[in-house]
Amino acid sequence: MKWNLKKYFLLANASLFSAGLWAFPANPTPYSIDNAGDSLTLRNGGDEHYRYTQTVDGYLVISDSDGVYYYVDEEGEASSVKAKNADLRDASDKSFLQKLDKSKVRKSHQKKNPNKLERPDQNGEEKKSDWVPSAENTIPLLRLPSANSHATGTNRFPVLLVASPSASNADSAKYWNQLNQVGYTENNHLGSVKDYFRDQSNGIFVPTFDIYLVSVSDSLSSYTNSVHTLIEEAIATLKVNYPNFDPSLYDSDGDGDIDATVVLYAGTESAANNLGGYQYELQWDGGKISAGSSKNFNSYFIISQMSSATQLLPIATFVHEFSHTMGLKDHYCVAASDCYDDFSNNAYQAPGAHAWDVMSTGMYNNGGGKPVGYSAFEKEFMGWMSYTTLSSSSGVTVLEGLNSSNQAYKVPVSGTADEWYVIENRQQSGWDASLPNHGLLIWHIDYDQTAWNQDVLNDVVSHQRIDVVEAGNLKVTGYNDGFDFTHLVDDVFPGSQNVNSFTTMNSWAGVNLGVNLYNILEEDEKVCFATQNGISVETCVVESSSSSETDVSSSSVELSSSSEMDVSSSSVELLTESFTYAVTLQKDSLYTSVSVDVNEALESLGVVGSASSLFASGDLLYYAVESDGSLNPTSTASAPGHWFDASGNVCNWDSEGSVARVFSELDLSEGVAKIAQYPFKTEIGESYTIRQALVYGQKRVDLEFKITIVSDSSDAQSENSSAIALLNPQNAVSSLQVHGNLLQANTSLVGKKDLTVYDLSGKILYRDSFYGFSKTLELENLLVKGVCLVRLSQNGRILSLKRMAVH
């Protein structure tokens, strides 16, 4: 987790700013060794908080100084009995093992092998920054935080390949390919790291990883308990080897910290004595390190380069740890004493999201070369998609596969923003090809700030906070079962046990949400269901729409708003107003977008309140306008959004770009349309006209974008004053300046911004919102003297922060 002022402002009496140590679950794939003359098959478990090695039938083992493994006794120490595979054990071995209490062995061993790297505070309290007010405050507690700002755009990240006197770096060209090459397929990979994040975000996030070759002075294993020293030496070598290193390339939000630094040490994890294996921040362990040009190294993750002496580490671990830098936490059991217990006779099953989740053991699906795709919860957290709220209706709801449609439903718990259900359709294709099964997957999400900050979301066995609601009754009896798909095939609906209804959608407080699923059917990779009992579901072909879907044809539009009407040539016509925007895109090889401010159109539409909330509730409707004037409600880009072909008709994105040319995605929370092109598929001088429509009540606005492809960034300027072409928001410039008696807030971001002034007790002295690019405040209007804290923010994200003295 990246900890800094850009993230969010919380209550002074709440836990504040986690100093995260976010790890990854160990790969339990069995491997064989020679154990003093006997072949012994072992598997690793745990994560950075607690690591262990055991036999395939679950007996913990410890190696001595000669590398010989012995069983662990009930004191958590190595016994005198050498470990063997089951078929090689004699009567004496079996007698010893029969007397062992496995649970006691585990607890003793874990107690004697605590975290290698402690969090700054293990008691649930978080570190506070110096500027945070400490008295009673009047600032409302924020809910689930948003992703870090580098989760969108075409950002670049430095990757340090670290060699040592005894370990040489991997082939940097091969590693660059694994990180950046489009369509990377070496060693059973589905794609590169860049491919993975481009696909999960539908092109919203397309990272590039720049490799730098550095070295340290000692053996890598000597840095196991002093990783900060290793990074300090590596950075010192970086400055010598690359005197022109430009840290400004890697600080996308301008907060002074490089967004994320990747540290990959030479050789394997085992050869380096389990060095690293987590995402962390330098400021907690010796302080930030200057990168030059007023920038600092801070957030980083450190893993090995190789999985074996001859093979690069698959992308799975990289993907998991990099996801931590963007704000996601672990979704397996992390630190609880019973994470690795035997749950065979327990009322609950082994905790965690298992193979369904890349933030759990799903990162290892297909050997790590094809880590599972993001869940809808993770995509929505990143800002890569929006939920559609599901409510009871008389129709049949059809749900396309998540990895092709970016569509999922949310069922909120009334009265709280912290708890909800997510309903998604997961199909075994693309990055999800190695899932345990396919069908309707239901998640129960329950955000808790302390659990989130401390990265223990699924540590309470009886209250999982990122919980897969299992359709069937198969049980995961232990950590390793999470890698055995026979324990997970019943999790989806209908699944292996043909469970075709779900009528217990209850909050953790036991309140039924009033939304039930009946007659769940899976057909041709679609899932459909009814939300009212007695409605027949015979096919997943769209014939009628639910309250959260719209049936659209060229001749009529059926509106699911409070003033429902049938609009056709023979009935009431919508009052339509059109807005035209000229947009220029620089031809490039990335999905670089410009943002067009459409707040004027929303205001003309008469939207009252939050446009994004109205869209989620179904009161604000969205369509693409086909070239023949018909309306298309099915998003083919990040919803609400569409890909368009050269003729301005809706199409799907595909890996070859055979048809798709440009897309427009609406960010209703900011009031912008994000316009971009398909890399390599447009030519300089080409023009495209695409249209989208929004309907609210009895009024419709059409957004027409006239797009021209130009040769360089100097030409990529808007030709219409209503179309503000802004490169990705993370490149925006924001500042707070005091000129005499005036405070001026400046930002190049479109959309609504908030300017807030606090005194040092946390009391709000001034708060106002604005849509323009600057806001001026006369300081004498504050009616206070002394030191104040000024914050410029957007959607809870801090753009600029300043202390000032009012005289």
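How many aromatic pairs does the count come to in this structure? Good morning. The model I present today is predicted, and in it the count comes to 36 aromatic pairs.

Let me begin with one of these pairs. A pair of aromatic rings is described by the distance of the centres and the angle of the planes. For Phe-197 and Phe-205, the ring centres are 5.7 Å apart and the planes meet at 65 degrees. Planes over 60 degrees apart count as edge-to-face, so this pair is edge-to-face. Phe-197 is buried, with a relative accessibility of 0%, and Phe-205 is likewise buried, at 0%.

A second pair is that of Tyr-421 and Phe-502, with 6.4 Å from centre to centre and 55 degrees between the planes, and it is tilted. Where do these two residues lie? Tyr-421 belongs to strand β18, residues 419-426, whereas Phe-502 is in the loop between β20 (466-468) and β21 (518-523). The pair therefore ties together parts that are 81 residues apart in sequence. Tyr-421 has a relative accessible area of 4% and is buried; Phe-502, at 7%, is buried too.

Ring pairs also build a cluster, and Phe-197 and Phe-205 are among its members.

I turn now to charges over rings. The charged end of Arg-106 sits over the ring of Tyr-52, at 4.3 Å from the ring centre. In another case, the charged end of Lys-410 is placed over the ring of Trp-420, 5.0 Å from its centre.

My last topic is salt bridges. How many salt bridges does a search of the whole structure find? The search finds 19. One of them joins Arg-198 to Asp-199, with 2.8 Å between the closest N and O atoms. The cut-off explains the two labels, because buried means under 20% relative accessible area. Arg-198 and Asp-199 also belong, with Asp-195, to a network of salt bridges.

Glu-424 and Arg-426 form another salt bridge, their closest N and O atoms being 2.7 Å apart. Glu-424 is buried at 0% relative accessibility, and Arg-426 is buried at 0% as well.

Finally, the side chains of Arg-700 and Asp-702 meet in a salt bridge of 2.7 Å, N to O. Asp-702 is buried, with a relative accessible area of 8%, and Arg-700 is buried at 16%. Thank you for your attention.

Definitions and conventions: Residues numbered from 1 in each chain as written. Predicted model: local features only at pLDDT ≥ 70, side-chain atom pairs only at ≥ 80, totals over all residues. Heavy atoms only, no water. Phe/Tyr/Trp six-rings, centres within 6.5 Å; stacked < 30°, edge-to-face > 60°. Buried < 20%, exposed > 50% of the residue type's maximum accessible area, 1.4 Å probe, protein only. Helix = DSSP H or I, 4+ residues; strand = E, 2+ residues; numbered from the N terminus. Lys NZ or Arg CZ within 6 Å of the ring centre and 35° of its normal. Salt bridge = Lys/Arg side-chain N within 4 Å of Asp/Glu carboxyl O.
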